[in-house]
Number of protein chains: 2
Amino acid sequence: MSGVTIHQVAAEAGVSPSTVSNVLNGRSGRMLPQTRERIEQAIERLGYRPNRAARQLRTGRIQVIGLVVPSVANPFWGTFARHLEGAALAEGYHVLLCNSERDPQRERRYLEELWADGIRGVVLCSSLPSLAHVLPLVDRGLGMVAFDRTAQAGDPESLVNISVDNVVGAGLAAKHLLDLGHRRLAFVSGSLGSVNRRERFRGFTSALEAAGIDPSSALVWSGASEEPFGDRDAAGLGRDAAGLGRDAAGLGRAATHELLHEPFGDRDAAGLGRAAAHELLREPDPPTAIVAINDMCALGVCAGIRDAGLRVGADVSVVGFDDIVLADLAAPALTTVRQPLAEMAAAAFAHLRTRIETGGNEGGRSILLRPELVIRASTVARGG
Amino acid sequence: MSGVTIHQVAAEAGVSPSTVSNVLNGRSGRMLPQTRERIEQAIERLGYRPNRAARQLRTGRIQVIGLVVPSVANPFWGTFARHLEGAALAEGYHVLLCNSERDPQRERRYLEELWADGIRGVVLCSSLPSLAHVLPLVDRGLGMVAFDRTAQAGDPESLVNISVDNVVGAGLAAKHLLDLGHRRLAFVSGSLGSVNRRERFRGFTSALEAAGIDPSSALVWSGASEEPFGDRDAAGLGRDAAGLGRDAAGLGRAATHELLHEPFGDRDAAGLGRAAAHELLREPDPPTAIVAINDMCALGVCAGIRDAGLRVGADVSVVGFDDIVLADLAAPALTTVRQPLAEMAAAAFAHLRTRIETGGNEGGRSILLRPELVIRASTVARGG
DNA sequence: AGAGTCTGGTGTAACGATGCAGCAGTAAAA
DNA sequence: TTTTACTGCTGCATCGTTACACCAGACTCT
């Protein structure tokens with residue numbers, strides 16, 4: 001505790017705690033300006049800060065939002081988290097970070113934890129097509145913004161979706177390659193289980209069609225022989241995570257072990273990309289250009305191309321998606337589709353905040369931002 | 001609120017709330033096993049979860065630790081955050097993430113926020129040599145683990161430092177290059193203002209000396225014509241961040257703007273590395289091998305080498321530090337010094353936890369872990 | 001038998017902030 | 001003069017959990 005309470009402020013200002021509370025909560029129209037003045041000075045003098053726990057206990061509200069990302073080990077999510085934090089902090093909100101590894105089980109557990117902690121707004125980034133696992137929470141009143149995902153049938157009424165236009169973005173990427181003269185294209189992704197990935201795939205195929213190429217002739221590598229949305233870590237967030245005390249620590253510790261040795265979903269993106277390149281380049285008629293689902297994957301693809309003794313760009317062109325910092329640092333620098341992360345983060349927070357503060361349920365929306373193609377050295381004209 | 005309270009559990013089990021509380025807090029030795037059993041079943045049946053706000057208000061304790069990193073946009077910190085979260089979550093703790101950009105002003109503000117929120121344990125990752133800006137908080141009782149930093153004169157008594165042995169690590173890197181026949185080495189860093197950087201530099205020079213090379217003949221690029229630890233964002237974390245209500249939102253919004261447009265400190269690492277390479281390779285007697293302060297910087301150096309029309313490895317060898325995921329994906333794959341992040345995160349959390357829970361102040365310590373050289377393709381024998 | 005001790009609990013007053021109901025005092029309306 | 005209305009402020013119960021103080025009953029010791 002910083003020690004000083006609302007009572008001390010009240011005493012210092014010569015009013016009752018209620019009046020101080022009124023000032024703190026913007027109800028200052030009901031008092032003389034000079035009273036308000038006195039109170040504000042007392043707050044200043046004593047360095048008073050309201051106790052959040054007490055506030056939350058009383059009101060049920062809390063100035064914290066949750067952020068559930070696949071894994072902050074992926075720089076794309078790290079950067080997004082950074083932006084969201086900036087937006088939130090400026091309004092006095094904190095951000096509680098959760099890594100879901102795109103596992104619906106884990107996701108649901110996290111959200112229940114957050115709900116139990118009194119958190120009423122969450123940015124969800126897993127892009128899963130079905131939000132069924134999360135519906136009960138939303139029904140109870142959890143404010144939710146889905147990031148990197150567009151509206152789907154069966155979505156909760158109140159859901160706000162914020163995403164780049166993935167169809168356009170992937171279309172931009174594919175068209176760029178076609179314009180460079182490439183005709184034998186490949187699309188590389190992890191499992192196509194998430195909405196954004198499906199959309200990107202659709203953008204890719206549409207661009208091919210528009211250019212008069214049969215999309216079914218394109219190479220598609222979606223790697224997943226194993227099911228990535230399985231039931232692993234069913235016991236995760238072990239019992240102690242419920243805050244029930246130390247007795248369950250044994251269980252909890254087991255969960256740690258699992259957690260730390262998991263594949264870190266999006267880390268694998270790079271590994272998958274690499275494996276994809278290996279396989280694709282062994283094809284009888286290998287692709288001359290590859291569209292990757294995201295930059296991490298693209299960097300993996302680049303590594304795989306080099307493993308095969310070929311040159312990225314000169315021999316095989318590669319386009320990524322996201323424009324993470326490292327895209328510009330890769331060799332060759334990666335052509336990619338940029339997402340306007342800062343704007344998206346600001347929009348996500350703004351929506352969540354009004355949702356939380358008004359409590360209003362003004363209905364779901366989808367916000368679609370324009371992606372931008374950033375052309376660098378990993379794409380080269382066919383035969384150029 | 002999940003709705004169900006300790007009173008309902010008590011009623012269900014036919015005991016008083018006090019007894020339920022005793023179970024929850026591990027004081028179950030004082031009751032009949034069957035009583036405990038009944039209570040646990042009631043908890044289970046009702047799906048009861050203790051209300052954290054109430055708990056915190058009553059005890060002053062809270063199951064949240066703070067994590068202050070330079071920027072989670074840097075994958076190294078993202079990965080660390082991921083590991084720390086895993087360790088914390090398994091014991092029922094949450095992690096509140098803060099990006100300091102290595103700015104002491106901002107750091108202090110964050111810590112004060114966290115303190116005011118009742119958080120009593122923090123992992124600090126800025127590696128600043130002086131912790132003076134943070135001392136008042138530690139004196140008030142904030143538990144602190146400094147990550148990626150070793151003990152310094154003037155440190156608070158209770159501080160626990162957890163770090164890889166930077167001297168050894170950088171020595172490993174330099175020795176590796178010397179063993180490959182390189183004699184003209186360069187050391188590239190941002191400002192050498194942080195402890196770990198100074199230590200890495202010392203390891204570098206020691207290795208040179210050991211090989212009979214005058215360290216002062218080595219090229220050192222520490223880039224900083226401008227002072228990176230300045231006073232920017234002096235108004236940051238604006239007044240509203242204190243939770244004083246909506247009235248100060250104007251100020252807060254101004255702060256956002258600054259925040260979102262800042263250089264993202266460690267993102268610059270790559271930019272600095274690139275600039276460094278440009279400059280160094282224009283020297284009359286350019287280096288044949290470069291040790292970079294970390295992997296992001298090293299990747300920038302690699303980009304700079306290519307910009308100059310040279311080949312990484314064949315023409316100029318590069319060693320990084322950290323072993324981030326992308327080190328293995330770079331072209332060529334980056335030789336680097338690996339930090340055992342998972343162990344370090346686990347150790348950091350374990351210390352913080354005992355500190356918080358025992359309240360004990362068992363004196364500071366430094367924990368030094370062994371780094372490991374990972375040899376990849378970015379280092380090649382001189383003239384090989 | 002009376003004092004002391006142990007066992008297995010319970011009662012209650014906080015922790016700090018909130019917000020409704022209410023209350024003086026004054027002013028205008030009836 | 002009473003009624004009604006309004007202004008500016010205060011009292012108090014309350015949120016859910018905790019931990020100290022205490023208590024009845026049974027048992028032990030001298």
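This is a predicted model: local features need pLDDT of at least 70, side-chain atom pairs count only at pLDDT 80 or more; totals for chains, interfaces and linings use all residues.
Chain A contains 13 helices and 12 strands. Of its 384 residues, 55% count as buried.

Attention now turns to the DNA. Around DNA strand C there are 26 residues, and those that come nearest are A:Thr5, A:Ile6, A:Ala54, B:Thr19 and B:Leu32. Two helices of each chain give two or more residues to this surface, namely α2 (17-24) and α4 (52-59) of chain A and α2 (17-24) and α4 (52-59) of chain B. The top contributor is α4(A), with five residues. Sorted by class, the surface near DNA strand C is made of 12 nonpolar, 10 polar and four charged residues.

Next comes a helix of chain B. Helix α13 of chain B runs over residues 341-358, 18 residues in all. From its first C-alpha to its last, α13(B) reaches 26 Å, close to the 26 Å expected at 1.5 Å a residue. The buried residues in α13(B) are B:Leu341, B:Met344, B:Ala345, B:Ala346, B:Ala348, B:Phe349, B:His351, B:Leu352 and B:Arg355. What covers the buried residues of α13(B) includes the helix α5 (75-89) of chain B. The cover also includes the chain B strands β1 (64-69), β3 (121-124), β4 (143-147), β5 (160-164) and β11 (365-369).

Because five of its five residues are buried, β5(B) is largely enclosed by the rest of the structure. Both of its faces are covered, with B:Val160, B:Ile162 and B:Val164 buried on one side and B:Asn161 and B:Ser163 buried on the other.

Which strands pair with β5(B)? One partner is β4(B), which pairs with β5(B) in the parallel sense over three bridges. Here B:Phe147 stands opposite B:Ile162, a residue that is itself buried. Another partner is β11(B), again in the parallel sense, over five bridges. In this pairing B:Asn161 stands opposite B:Ser366 of β11(B).

Definitions and conventions:
Residues are numbered from 1 along each chain as its sequence is written. Chains are lettered from A and ligands numbered from 1 in the order in which they are written. A residue is near a molecule or strand if its C-beta atom, placed from the backbone, lies within 6 Å of it. Helices (H or I, at least four residues) and strands (E, at least two) are DSSP runs, numbered from the N terminus. Ala, Val, Leu, Ile, Met, Phe, Trp, Tyr, Cys and Pro count as nonpolar, Asp, Glu, Lys and Arg as charged, and the others, Gly among them, as polar. The expected span of a helix is 1.5 Å times one less than its number of residues. A residue is buried if 20 or more other C-beta atoms lie within 10 Å of its own, exposed if 12 or fewer, and partly exposed in between; C-beta atoms are placed from the backbone. Two residues are in contact if their C-beta atoms, placed from the backbone, lie within 7 Å. Two strands pair if DSSP finds at least two bridges between them.
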